[in-house]
Amino acid sequence: MADDYPKVDRVMGGPAGWISIAVPAVLFLYFIGLLPQIVDAPQVRGIDWVPSLDIRLSVLLDGLSMTFALLITGIGTAVTLYSARYLGQHPDYPRFVCYLLMFMVGMLGLVLADNLIALFVFWEITTISSYLLIGFHANSAKSRRSALQALLVTGTGGLAMLGGMIILGTVTGTFELSQILTMGDMIRAHPWYMGIMLLFLAGAFTKSAQVPFHFWLPNAMAAPTPVSAYLHSATMVKAGVFLMARMNPALGETSAWFWILTLFGGVTAVFASVMALRQTDIKQVLAYTTLMALGTLTMFIGAGTHYAIVAAMLFLVVHSLYKAALFLMIGIVDHETGTRDATVLRGLSKAMPLTGLAAALAAISMAGIPPMVGFIGKEFMYKAGLGLEGFGAIWVTAMIFAASVMMFVVGGIVALKPFRGDLAPTPQRPHEGPWPMLAGPLVLGALSLIFGLLPGILEHYIVGPATRAVSGSDHEVHLYLWGGVNMALILSLLTFLAGWLMYRKHEAIRARLTAFEARSPIDFDAGWDRLLDGFKGFAAWQAALIQNGSLQRYMSVTFLTFVVLVGLTYVLQGAFVTGIAFSTDSIHPIQWTVLALICAGSMLVVWTHSRMTAVAAMGVVGIGVALIFIMFSAPDVAITQLLVEVLVVVLVSVVMLRLPYLPRRSRASFRPGHALIAAGSGVVMTFLAVSIMAGDLDRRLTTYFEAVSYPEAHGRNIVNVILVDFRALDTFGEITVVVMAAIAAFALLRGAGPARRDKEEM
Amino acid sequence: MELLLAITIGVLVAASVYLMLDRNVLRFVFGLVLLSNAVNLLIFGSGRLTAGAPPLIDEGAYAPTGLVANALPQALVLTAIVIGFGLLAFALALVYRTYMTLGTVNTDEMRVAEPVADAKEAGQ
């Protein structure tokens with residue numbers, strides 16, 4: 001499946017390939033060089049980025065970030081070397097390299113950032129670049145779906161985390177991790193602690209694929225194999241683990257933290273182990289064991305004791321080494337045989353001895369067999385589990401036991417079975433992979449062995465500083481291969497025994513699990529589809545409700561909003577203005593008459609169903625308004641009003657000649673709901689008018705115009721002077737508007753005829 | 001008088017809102033005419049009512065003698081009347097053209113941009 005594309009002739013991916021290998025290699029050496037300085041004292045370096053928002057581009061170099069930086073660049077080198085050969089002839093290989101390097105930058109920034117906001121930005125860079133990488137085979141619908149699923153799940157978690165970060169920043173007054181991590185006691189005592197913690201965990205759990213957010217990770221295996229090896233075993237999915245480890249001094253060590261992390265982590269670990277047995281595609285098997293490892297890491301960070309943190313940091317390194325090696329190994333097998341099916345592959349050791357060696361080294365470490373570093377990891381996990389108190393000890397130990405047994409079985413399935421026995425037929429004739437692809441898995445496998453034999457190096461440079469960074473204490477860390485006969489060793493031996501028995505029966509177990517899964521009503525992946533469908537349905541329902549295409553509905557909502565907002569403000573603020581003259585003594589009978597005419601005219605327009613009556617009534621209203629202008633000293637306005645009123649009546653009448661009659665009065669023609677909205681609008685408007693007329697009047701502008709009208713503009717009619725002199729530009733704009741309206745109306749009327757009337761008769 | 005004017009404005013607004021909520025576009029246009037009258041009155045009233053003293057400057061004087069009506073709202077209302085008229089003329093042309101093209105003056109039947117079938121489909 002990896003080979004069905006038109007090949008481009010490139011040696012090791014061409015320049016893109018060389019650059020992509022050189023960048024992580026150089027960075028890896030740089031970080032190795034930094035290591036001795038960081039072992040004793042963490043360092044903070046940085047520059048101001050957005051000073052106004054207190055966002056610094058600062059890096060925090062301590063054991064934890066260095067461990068991750070080394071994993072990212074070290075495994076990154078192996079993966080880019082591998083991809084140059086694996087995908088180097090793919091037409092889109094340069095694009096692939098861009099995504100991969102973008103991801104690497106995001107990941108490095110994420111682990112090194114000292115500023116929470118910067119951490120978030122890098123976190124999202126990894127989300128977006130992983131979206132692009134998972135969907136690299138963009139012509140496959142499955143790839144696209146998996147990519148989108150990963151993006152949505154981790155992106156949503158990321159937003160929750162941003163919320164947590166902002167609240168945390170508000171509580172502590174800083175976004176600098178190096179300061180926040182020293183304020184743990186204050187944060188834990190704060191009333192918002194629970195909210196902050198849950199928001200952070202939402203980000204961590206989605207990124208690190210904890211149950212119930214786990215389903216995206218196995219789907220993400222749609223990505224090219226090197227991507228799976230890099231992102232979904234060693235780096236990106238561990239970003240969530242990193243976040244929990246990083247925040248442990250600030251948010252950890254409470255019972256809520258303990259129980260949430262150990263329960264979710266434990267359930268994830270065991271669930272994933274069982275699911276791993278169920279798979280036949282070896283890549284999927286590895287994907288589920290990755291979930292298991294993430295659950296285990298979460299559980300130990302939650303447990304929080306010294307041994308638990310040591311176990312977590314140790315297992316972090318152990319897992320990255322063997323899992324990246326195994327993923328790369330299965331990529332070679334896939335590349336050279338054309339299949340990854342565990343039920344088909346058999347007897348490859350003769351054809352692919354070096355691949356087999358890499359697989360064996362990694363798998364023995366995964367199974368936790370001495371003298372590999374995986375054994376030390378498992379011993380420390382048991383030690384940490386047994387060292388807890390009460391139910392926590394039983395829970396964690398039981399989960400570790402179950403998960404370790406499964407890892408032993410999976411180790412057999414992925415590395416023993418495909419290579420042992422007689423060669424079984426495969427789609428392609430198997431042969432050994434090329435050196436660039438073998439180098440990574442072999443070196444990583446060898447490191448598993450070297451660290452197992454010489455745990456002191458790991459202890460001094462990696463696990464010790466990392467543990468101190470996570471726990472925030474100065475405990476000494478001591479790693480050893482042989483710890484004497486103790487409970488952990490006995491559990492280890494039991495693990496091997498149970499694992500061996502299960503490996504012998506694993507095909508029968510797989511058949512049972514498949515049958516069970518077929519009956520099981522819980523399917524997270526299908527649930528995800530239903531969730532998306534639900535969102536789409538909700539959006540459609542909401543659009544249909546709000547934007548239903550009825551102008552009446554839109555108008556009602558608009559007017560109702562006006563009534564409610566303004567009316568409610570009046571009621572809540574008690575802003576009814578009094579002090580206006582309520583007396584009607586001084587009102588001349590003519591004024592009464594005019595106002596009554598206006599009211600009667602407007603009511604008549606509403607009441608009548610005859611067009612001519614309505615036009616006449618509108619004329620009455622217009623002339624009534626003109627009379628008010630005359631009575632209250634506005635002769636110019638009155639003249640304009642009269643002219644316009646005549647024009648309105650003429651225009652409306654002309655248009656009406658061409659339009660149908662108003663519908664006859666019927667029982668349905670009175671609309672009580674609309675009447676209520678209309679009455680409400682009227683009442684609110686009245687109060688508004690009263691408030692305006694009873695309020696203070698600022699006459700400064702008027703006084704100015706009165707004073708300068710004649711001396712400066714030589715006009716005795718102040719209104720005219722304002723219009724043509726002081727506000728000449730406004731008047732010019734007004735003329736423009738009228739001309740525009742005339743042009744637009746002309747365009748509308750030109751060529752208008754009863755064209756589609758017959759066709760659309762309703 | 002101010003109180004009565006405020007009530008008149010309220011009546012005008014109520015009538016125009018009720019008309020604008022009608023599905024017949026002609027009645028909608030009637031509502032528009034009444035609403036612009038109401039708003040003009042409101043602006044005019046906000047400058048206070050002064051009877052019998054137009055904002056004019058007597059011959060030979062440099063400024064109005066005594067208190068005259070507020071000139072500023074009058075200038076604004078003048079502009080508003082003309083703009084309102086432009087709007088009405090355009091709305092009428094639009095109504096006419098709509099009727100010629102669609103054969104209806106009922107807004108519920110003007111569903112070219114938002115067809116009813118789509119809304120129903122989307123709602124399901």
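Hi everyone, some housekeeping before the tour. Residues count from 1 along each chain as its sequence is written, and chains are lettered from A and ligands numbered from 1 in the order in which they are written. Because the model is predicted, local features need pLDDT of at least 70 and side-chain atom pairs count only at pLDDT 80 or more, while totals for chains, interfaces and linings use all residues.

Let's begin with chain A. It has 30 helices and two strands; here helices (H or I, at least four residues) and strands (E, at least two) are DSSP runs, numbered from the N terminus. The radius of gyration of chain A is 38 Å, well over the 27 Å that the globule rule gives for 762 residues, so chain A is more spread out than a compact globule. That radius is taken over C-alpha atoms, and the rule is 2.2 Å times the number of residues to the power 0.38. Along the principal axes, the C-alpha trace of chain A spans about 115 × 65 × 50 Å.

How much of chain A counts as buried? The figure is 48% of its 762 residues. We call a residue buried if 20 or more other C-beta atoms lie within 10 Å of its own, exposed if 12 or fewer, and partly exposed in between, with C-beta atoms placed from the backbone. Now for contacts, meaning two residues whose C-beta atoms, placed from the backbone, lie within 7 Å. In chain A, 79% of the contacts with a separation of 6 or more are between residues 24 or more positions apart.

Now find the two strands. E1 (residues 43–50) and E2 (residues 55–61) of chain A pair in the antiparallel sense over seven bridges; strands pair if DSSP finds at least two bridges between them. Ile47(A) stands opposite Leu57(A) in E2(A). The two strands form a hairpin with four residues between them, and Asp54(A) in the turn has a positive phi of about 65°. Is E1(A) tucked away or in the open? Of its eight residues, the number buried is zero, so E1(A) lies largely in the open.

Next, the inside. A nonpolar core is a set of buried Ala, Val, Leu, Ile, Met, Phe, Trp, Tyr and Cys residues joined through C-beta atoms within 7 Å. The largest one has 195 residues, and those with the most contacts inside it include Ala311(A), Leu326(A) and Ala362(A). Helix H14 (residues 306–337) of chain A gives the largest share of this core, 23 residues. A second, separate core of 86 residues includes Met555(A), Leu627(A), Val637(A) and, from the other chain, Ala15(B). Going back to Ala362(A), its contacts beyond four places in sequence include Tyr322(A), Met329(A), Ala415(A) and Ser448(A).

Some backbone details are worth a look too. A cis peptide bond joins Val211(A) and Pro212(A), with omega about 10°, and Pro212(A) is found in the loop between helices H8 (193–207) and H9 (216–219) of chain A. The bond from Pro370(A) to Pro371(A) is also cis, with omega near 10°; Pro371(A) lies in the loop between helices H15 (353–367) and H16 (373–386) of chain A.

Glu253(A) is not a glycine, yet has a positive phi of about 65°. Its place is the loop between helices H11 (238–251) and H12 (255–278) of chain A, and with 16 C-beta neighbours inside 10 Å it counts as partly exposed. His714(A) has a positive phi too, near 55°, and is exposed, with 9 other C-beta atoms within 10 Å.

On to chain B, which has four helices and zero strands. A compact globule of 124 residues would have a radius of gyration near 14 Å, but chain B has 21 Å. Its C-alpha atoms fill a box of roughly 75 × 30 × 20 Å along the principal axes, and buried residues make up 52% of the chain.

Finally, how do the chains meet? 102 residues of chain A are in contact with 86 residues of chain B. Which helix gives the largest share of the chain A side? That is H27 (residues 672–694), with 14 residues. By class, this side of chain A has 69 nonpolar, 20 polar and 13 charged residues. For these classes, Ala, Val, Leu, Ile, Met, Phe, Trp, Tyr, Cys and Pro count as nonpolar, Asp, Glu, Lys and Arg as charged, and the others, Gly among them, as polar.
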